[in-house]
Amino acid sequence: MSGFAYRVDKGHAERVEIKGALTCGAALVWVHLTTNNEEAQAWLKDEAHLPDHIVEPLTATETRPRCDALGDGAYLNLRGRSSEAMTSSDPLASVRIWAQAGRVISVTRKPLIAVDEVVKTIEEGHILDPGDLIAEFASAITADLDPEVAELGDKLDDCEAEMTADKVFELRRNVTQVRVAAIGYRRFLTPQRAALEKLAALPCDWLQDDDRQHLNSAADRAARMAEELESIRERSALAHEALTDLRAEQIDSRALLISIVAMIFLPLTFLTGLYGMNVKGLPYAEEPWAFDAIAGICLLITIGIIVYFMQRRWFRG
């Protein structure tokens, strides 16, 4: 079985084997499983003796942050950053937690960065009961996500500061990446806030007042990040529209330049095409000064058209 277990008694944490961990007497026993559905289901049923209505959410494939009171315990699902690469549609890994008085069972399918921080805290002796452990999970997850949200805002600030027509393609790509990340994070942070607030309000004897304060603090932090992500999403949409307008103006200016060049050469093409015909009877075709005259007429037409466009302010010379 992949994972680890800790027993905590009187502030002293000891790492123990998963097998038989729940039977050792201690103020707190924490079992963390990092395994697939089949292995986790077998252990939860055979070793932990949990009923199916608890095993199912602990091993579900698709999950969203939520909290449910089940008997004398509580089920909590949280989302946090993973050390593995995640998809843009599902950027956060989940940890499913079942807590009762004296024991906590957590299950992850992908490595969660916050787990290392929780392990460090429990080994330092700062976690004494299930409420402390869950509060530490919530705090570690939100603390790890906060810099990521701030970095998204900084990236968007840089894009807005560099918004010029010359960098349209690069900036549009960066803005799109920021917007996709913001949408993905916000999708889970909003329900995560509600889950933490619901857990803090449950009438569980193993949740102390300081645990509830820490949970509410983590919920407030999640709410603030969700609001920041919503702001980033809206700003990204406005930046994308501005970049689209810049691109349209760039295309219009180039199309105008091409049209001006075409209009300059249109009468010249007609004149040179007319005198380029291999037929008899063209006026002054046999005169020695005819070429110079045609060239001069073409030059005068070109200058006249350019002056006309400049007076109309079609382009600035």
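Val279 is partly exposed, with 48% of relative accessible area; here buried means under 20% relative accessible area, exposed means over 50%, and partly exposed is whatever falls in between (1.4 Å probe, protein chains only). The model is a predicted one, so to speak of local features takes a pLDDT of at least 70 and side-chain atom pairs count only at pLDDT 80 or more, while totals for chains, interfaces and linings use all residues. Residues are numbered from 1 along each chain as its sequence is written, and side-chain values use heavy atoms, with hydrogens and water left out.

Back to Val279, which sits in the loop between α6 (209–275) and α7 (290–311); helices (H or I, at least four residues) and strands (E, at least two) are DSSP runs, numbered from the N terminus. Together with Phe270, Leu274, Tyr275, Met277, Tyr284 and Trp289, Val279 makes a nonpolar surface patch of about 720 Å². Patches are built from residues with over 30% relative accessible area and no salt bridge, with like charges joined within 9 Å and nonpolar side chains (Val, Leu, Ile, Met, Phe, Trp, Tyr) within 5 Å. The areas themselves come from the Shrake-Rupley method with a 1.4 Å probe, and for residues only the protein chains shown count as cover.

A patch of another kind turns up on the surface too: Asp116, Glu117, Glu123 and Glu124 gather there in a patch of negative charge. For charges, Lys and Arg count as positive and Asp and Glu as negative, with His and the chain ends not counted; the place of a charge is NZ of Lys, CZ of Arg, CG of Asp or CD of Glu. Asp116 belongs to helix α3 (residues 113–123) and is exposed, at 57% relative accessible area.

Next come the salt bridges, meaning a side-chain nitrogen of Lys or Arg within 4 Å of a carboxyl oxygen of Asp or Glu. The count comes to 16 salt bridges. In one of them, Glu14 meets Arg7 at 3.4 Å, N to O; Glu14 is partly exposed at 36%, whereas Arg7 is buried at 18%. Another pairs Glu148 with Arg81, their closest N and O atoms being 3.6 Å apart. Glu148 lies in helix α4 and Arg81 in the loop between β5 (73–80) and β6 (93–100), so this pair ties together parts that are 67 residues apart in sequence. Glu148 is partly exposed, with a relative accessible area of 22%, and Arg81 is partly exposed with 22% as well.

Arg224 and Asp146 also meet through their side chains, in a salt bridge of 2.7 Å, N to O. With Arg224 in helix α6 and Asp146 in helix α4, the pair ties together parts that are 78 residues apart in sequence. Arg224 is partly exposed at 41%, while Asp146 is buried at 15%.

As for disulfides (pairs of cysteine sulfur atoms within 2.5 Å), the count comes to zero. Cys67 is in none, and the nearest cysteine sulfur, that of Cys204, is 7.9 Å away. Cys67 is buried, at 3% relative accessible area, and Cys159 counts as buried at 5%.

His49 lies in the loop between α1 (37–46) and α2 (52–59), is exposed at 61%, and has a positive phi of about 60° although it is not a glycine. Glu162 lies in the loop between α4 (130–161) and α5 (168–201) and is partly exposed at 36%.
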